[in-house]
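Student: I would like to go through this model with you, starting with the ligand. Could we look at it together?
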Amino acid sequence: MNTHDTQLDPRMHPQQAVYGVIGNPVAHSLSPLIHEQFALQAQQSVHYGKLYADLGQFVKTVDTFFNRGGQGLNVTVPFKLEAFQICQKLTERAKAAGVVNILWQENGQYVGDNSDGVGLVRDIEKHPFQITGKRVLMIGAGGAVQGVILPFMEKKPNQIMITNRTLAKAQAIVDRFLPQAQAFGIQLSAIALDQIMHLQEGYSIIINGTSSGLQGSSPLVFSQAQHLQHVMQRGEIGLTYDMVYGKETDFMQQMSACGFQVKDGLGMLVEQAAEAFEVWRKLPRGSLDTGTVLQMLRKPVV
Ligand code: ATR
């Protein structure tokens, strides 16, 4: 596989079903490696490559890919909202997320799905760490957090608190998902990030869904991280999760120093990819072995 090629063209692979990941940037993507393993596992003749789109050229690039015989695309930053907008059909979980990371065509119409939330939830449960009955703190209120709220609620945590620098955005997510939260019996609320020193109860799952890791910073100052540890129940070890992968973020370092378990988003990447492969190839859910693929990605390169 040429890992530098970001100009995926289905016409170059006439004997295979062609899929890919579209993004900007996209050269760093691990998705081709992951899908190559899934294709081997499922013994399917699939080619999966990288597709770079200029900003403002997303729709044109997608149209060209499908017109040339491409069968499906994973969508990554910054195009997940645009992907949502071009779809004539959306799955329920894509509608809830408001963003799309799996795209394909049916009868010439774009269909969109979202497996990010399911990927995150599965990775946490395989850790293993139970979500049901737990108190969850989500940091951030952008597309990444909105995309995972519903699958999280389906696991019936006791409480989800959303905290964000801009409180109004956290409150908007709460307002939107309140009916489902009530139906599941989950306490769903919002607090401004600069108010979290006032939280009196601990959260055993803390998710960083902000884009701060990409900017090389943490959404928390150290005293806030310490406070979140301080209010944990005695003896309880919380899990903190950063959706970013490929590096130990400042957030992960902070939380680890405060005594939390920490996890990066690599497992979420593999789980959401498995779900995409299973959707496209109509395989039973959970039939792919994600564990060995994750192990392979974590192995240091020698
Ligand atoms: P994404 O689709 O990746 O979620 P987004 O919609 O731009 O991206 O949202 C980015 C999120 O990260 C927002 O919640 C943002 O906070 P604001 O809504 O207040 O802007 C949050 N964020 C980004 N940088 C941050 C930082 N340095 N500290 C805290 N929050 C940050």
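Predicted model: local features only at pLDDT ≥ 70, side-chain atom pairs only at ≥ 80, totals over all residues.

Student: Which residues come nearest to the ligand?
Tutor: The ligand has 16 residues around it, and A141, N164, R165, T166 and K169 come nearest.

Student: And by class, what is in that shell?
Tutor: Ten residues of the shell are polar, four are nonpolar and two are charged.

Student: What distance separates the side chain of K169 from the ligand?
Tutor: A polar atom in the K169 side chain is 2.7 Å from an oxygen atom of the ligand. The side chain of R165 also has an N or O atom at 2.8 Å from a ligand oxygen.

Student: How much of the ligand's accessible area does the protein cover?
Tutor: On its own the ligand has 640 Å² of accessible area, and the protein covers 72% of this.

Student: Changing topic: what does the domain assignment give for the protein chain?
Tutor: The assignment gives domain 1, spanning 10-114, and domain 2, spanning 118-266.

Student: How far apart are the centres of domain 1 and domain 2?
Tutor: Taken over C-alpha atoms, the centres of domain 1 and domain 2 are 28 Å apart.

Student: And how many residues of each domain are in contact with the other?
Tutor: Nine residues of domain 1 are in contact with nine of domain 2.

Key:
Residues numbered from 1 in each chain as written. Heavy atoms only, no water. Near = heavy atom within 4 Å. Polar contact = N/O pair within 3.5 Å; in protein donor to acceptor, adjacent residues only side chain to side chain. Areas by Shrake-Rupley, 256 points an atom, 1.4 Å probe, with all protein chains shown as cover. Nonpolar A, V, L, I, M, F, W, Y, C, P; charged D, E, K, R; others polar. Domains from an automatic or database assignment. Contact = heavy atoms within 4.5 Å.
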